[in-house]
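Biologist: I would like to learn how to read a structural model feature by feature. Could we begin with the sheet and then turn to the side chains?

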Amino acid sequence: MMKKPLLEIRGVETFYGRNQALHGVNLDVHEGEIVTMIGANGAGKSTLMMTICGVNKATRGSIHFDGHPIHTVPSHEIMRKGISLSPEGRRIFPRMTVFENLQLGTAAIGPAYFQDDVEKIFSLFPILQKRQSQRAGTLSGGEQQMLAIGRALMGRPRLLLLDEPSLGLAPLIAKQIFDTLKTLNETQGLTVFLVEQNANHALRLAAKGHVLVNGRITLSGTGAELLTHPDVRAAYLGGGH
């Protein structure tokens with residue numbers, strides 16, 4: 001018998017005023033999986049992330065985490081249940097140091113594990129250890145993305161939500177970020193739900209993938225299946241070239 005999903009989304013619809021952004025979204029993320037959602041800018045990917053986190057409220061449908069409904073729960077309580085978000089645009093605190101940003105990552109769980117966890121982050125991203133006393137706003141784009149992911153991991157999440165982690169990054173830095181996520185998944189069993197415009201990286205990383213178009217899931221399959229699907233290749237992979 002298959003285990004219940006860690007994250008279960010059923011029939012979710014989200015509105016901005018009278019404008020509907022999500023149309024009956026259904027998807028599952030099982031423990032230990034990397035699941036990705038690809039789509040063009042404006043497809044509704046970030047809206048889905050914000051709806052999972054409770055920033056946007058689902059007008060219809062339900063979201064369950066570890067068997068419990070979270071679509072009616074305040075954002076801060078959702079984070080305490082074991083979900084962390086690395087948001088689009090990183091949203092680090094630019095005037096605070098790298099170290100202080102990482103401290104903020106423990107807000108949902110308290111500081112009990114801080115020393116052990118910050119050392120793990122520094123081993124994952126050694127440049128952050130070198131920059132720990134530096135203001136976060138002076139970091140490069142890639143370093144800021146590493147900090148945003150590190151801050152999210154400081155909350156010891158059971159589910160890590162990643163919103164466009166490769167946005168604006170040089171290809172080599174983006175590859176480093178995705179390689180780190182793969183390592184975390186393989187060595188620690190970290191569950192990841194990733195939304196991305198970079199379909200090539202995302203689908204190679206993920207066990208399962210979904211395509212979101214105008215707030216609707218139009219295709220689903222394994223990462224490998226979607227990589228070879230003609231519609232995905234035409235729309236997101238340069239026509240297959």
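Modeller: Strands (E, at least two residues) and helices (H or I, at least four residues) are DSSP runs, numbered from the N terminus, and two strands pair if DSSP finds at least two bridges between them. This is a predicted model, in which local features need pLDDT of at least 70 and side-chain atom pairs count only at pLDDT 80 or more, while totals for chains, interfaces and linings use all residues. Residues are numbered from 1 along each chain as its sequence is written, and side-chain values use heavy atoms, with hydrogens and water left out.

Biologist: In what order do the six strands of the open sheet lie?

Modeller: Strands of a sheet pair through backbone hydrogen bonds, either parallel or antiparallel. Here the order is β6-β7-β8-β3-β9-β10, with mixed pairing. β6 (83–86) and β10 (216–222) stand at the edges with a single partner strand each, so one side of each has no neighbour in the sheet. The pairing of β6 with β7 (residues 159–163) is parallel and runs over four bridges, with serine 86 opposite leucine 162 in β7.

Biologist: Which strands does α6 lie across?

Modeller: Axes are lines fitted to C-alpha atoms, for helices over the stretch in contact (heavy atoms within 4.5 Å), and angles run from 0 to 180 degrees between N-to-C directions. Helix α6 lies across β6 and β7, running at about 170° to β6.

Biologist: How should I read an aromatic pair, and which residues form one here?

Modeller: A pair of aromatic rings is described by the distance of the centres and the angle of the planes. Rings of Phe, Tyr and Trp (its six-membered ring) pair if their centres lie within 6.5 Å, and planes under 30 degrees apart count as stacked, over 60 as edge-to-face and the rest as tilted. The structure holds one such pair: phenylalanine 99 and phenylalanine 114 are edge-to-face, 5.3 Å centre to centre with 80° between the planes. Phenylalanine 99 lies in helix α3 (residues 98–104) and phenylalanine 114 in helix α4 (residues 114–124), so the pair ties together parts 15 residues apart in sequence.

Biologist: Is phenylalanine 114 buried or exposed?

Modeller: Buried means under 20% relative accessible area, exposed over 50%, and partly exposed in between (1.4 Å probe, protein chains only). Phenylalanine 114, at 11% relative accessibility, counts as buried, whereas phenylalanine 99, at 24%, counts as partly exposed.

Biologist: What does leucine 102 contact beyond its neighbours within four places in sequence?

Modeller: Among the contacts of leucine 102 are Phe114, Val118, Leu147 and Met154.
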